[in-house]
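This briefing is meant for a reader who is meeting the structure for the first time. Please look over the sequence and the model below, and then follow the notes, which begin with the sheet and go on to its surroundings.

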Amino acid sequence: MQNNKMNRNQYASSKAVAQAQPPPDLWAGVLSTRREPSAGKWSQILFVITRLLVSLMLGGDNVLAQTPESAMAPAVGEALPLQATEQAVAERPVLVLDAGHGGIDPGAIDPVNGVFEADVNQWILNRLEPMLRAHEDELELVIAHQAGENPSINQRAAVADSRDADLFLSLHLNAAAGPEARGFQVFPVLPGRAHHAESMRAAEIMARTVAAETGLPMMGDSGIYYAIYRGLQYRDFYEASQYDPAAVADGPSFGVLEYSNTPALLVEQWFITSPEDMAAMNSAEGYDSMAKALYHSVCEYFGIQPR
């Protein structure tokens with residue numbers, strides 16, 4: 001773990017000298033459709049109504065009928081302090097995990113079976129969490145929010161920033177207008193930003209590991225892309241291998257990447273609108289495969305031996 005300790009000191013130093021300012025609060029509402037958490041009772045009611053509406057549109061079938069029963073219901077563990085000495089706690093790298101969307105925001109919806117993106121994100125996190133908790137002596141794991149919650153972009157990113165995280169992963173599923181688009185895609189912090197180099201290294205490890213362990217194709221050459229917003233509604237996607245690494249992006253990226261002030265990835269695990277991707281991954285076995293690939297990616301990034 002000596003290398004990790006050195007890296008953590010370097011991360012802290014780079015944060016201390018970083019001069020990049022966060023984009024204006026205007027972007028917080030532009031970069032995502034996520035809403036602020038509502039009062040508990042009304043949030044539950046709205047969520048149930050959303051599920052019922054989707055079910056009716058799909059012919060009255062149970063929205064969850066096409067999801068593996070064994071994947072449903074486990075709750076996310078709380079991000080409580082781990083049992084370790086103060087010195088060990090200070091020296092462990094910090095990983096923050098975020099299940100995208102949640103609460104009354106279902107995210108993208110499978111047009112065939114009505115599977116909610118938010119559910120899949122949570123189920124994969126539920127599988128990944130215990131694998132990482134087994135390394136509590138080497139890695140501090142923080143969960144950005146509990147199952148059923150829908151914090152804002154700023155609130156999610158603030159968890160990573162406040163914990164001085166060494167890596168922030170936000171898990172999502174991709175979506176497209178048609179069924180043709182498929183595969184894995186990951187977005188690191190933009191070139192010219194603090195923590196771009198560490199984010200890019202994490203993205204390269206993850207794309208390689210996911211391709212090898214899940215069999216999913218990569219979007220483009222490598223699966224690694226940059227997202228840059230142009231105005232209030234439009235954004236450009238650039239494949240990293242085709243983008244000038246010396247160029248400074250002239251617009252903001254996804255909010256979780258812009259606001260976290262830490263090495264960060266927005267991970268689009270597969271396309272929920274692709275029948276091929278869903279056939280390969282929307283099962284307990286598929287969720288396990290993705291969770292293990294993410295686990296092995298994290299271990300390699302931090303120099304931790306998988307258990």
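In this predicted model, 5 strands come together as an open sheet whose order is β2-β1-β3-β7-β4, and the pairing within this sheet is mixed. The edges are formed by β2 (140-143) and β4 (185-188), each of which pairs on one side only. On average, and with direction ignored, neighbouring strands of the sheet are turned by 20° against each other.

**Pairing at one edge**
- Strands of a sheet pair through backbone hydrogen bonds, and they may do so either parallel or antiparallel.

- Helix α6, which spans residues 153-162, lies across β1 (94-99), β2 and β3 (167-174), and its direction is at about 170° to that of β1.
- Helix α7, which spans residues 196-214, lies across β3, β4 and β7, and it runs at about 25° to β7.

**Nonpolar cores**
- The largest nonpolar core contains 53 residues, and those with the most contacts inside it are L95, L97, I124, L132, F184, W270 and M290.
- Helix α10 (residues 284-302) gives the most to this core, contributing 10 residues.
- If its neighbours within four places in sequence are left aside, L132 is in contact with L95, L97, L139, L141, Y295 and V298.

**A buried glutamate**
- E129 belongs to helix α5, which covers residues 117-133.
- E129 counts as buried because its relative accessibility is 6%, where the cut-off for buried is under 20%.
- The C-alpha atom of E129 is separated by 8.6 Å from that of L97, although the two residues are 32 residues apart along the chain.

**The chain as a whole**
- The secondary structure of the chain comes to 10 helices and 7 strands, and buried residues make up 53% of its 307 residues.
- Of the contacts between residues at least 6 apart in sequence, 78% join residues that are at least 24 apart.
- The accessible surface of the chain amounts to about 13800 Å², and carbon and sulfur atoms account for 55% of this surface.

How values were computed
Residues are numbered from 1 along each chain as its sequence is written. This is a predicted model: local features need pLDDT of at least 70, side-chain atom pairs count only at pLDDT 80 or more; totals for chains, interfaces and linings use all residues. Side-chain values use heavy atoms; hydrogens and water are left out. Helices (H or I, at least four residues) and strands (E, at least two) are DSSP runs, numbered from the N terminus. Buried means under 20% relative accessible area, exposed over 50%, partly exposed in between (1.4 Å probe, protein chains only). Contact means heavy atoms within 4.5 Å. Accessible areas come from the Shrake-Rupley method with a 1.4 Å probe; for residues, only the protein chains shown count as cover. A nonpolar core is a set of buried Ala, Val, Leu, Ile, Met, Phe, Trp, Tyr and Cys residues joined through side-chain atoms within 4.5 Å. Two strands pair if DSSP finds at least two bridges between them. Axes are lines fitted to C-alpha atoms, for helices over the stretch in contact, and angles run from 0 to 180 degrees between N-to-C directions.
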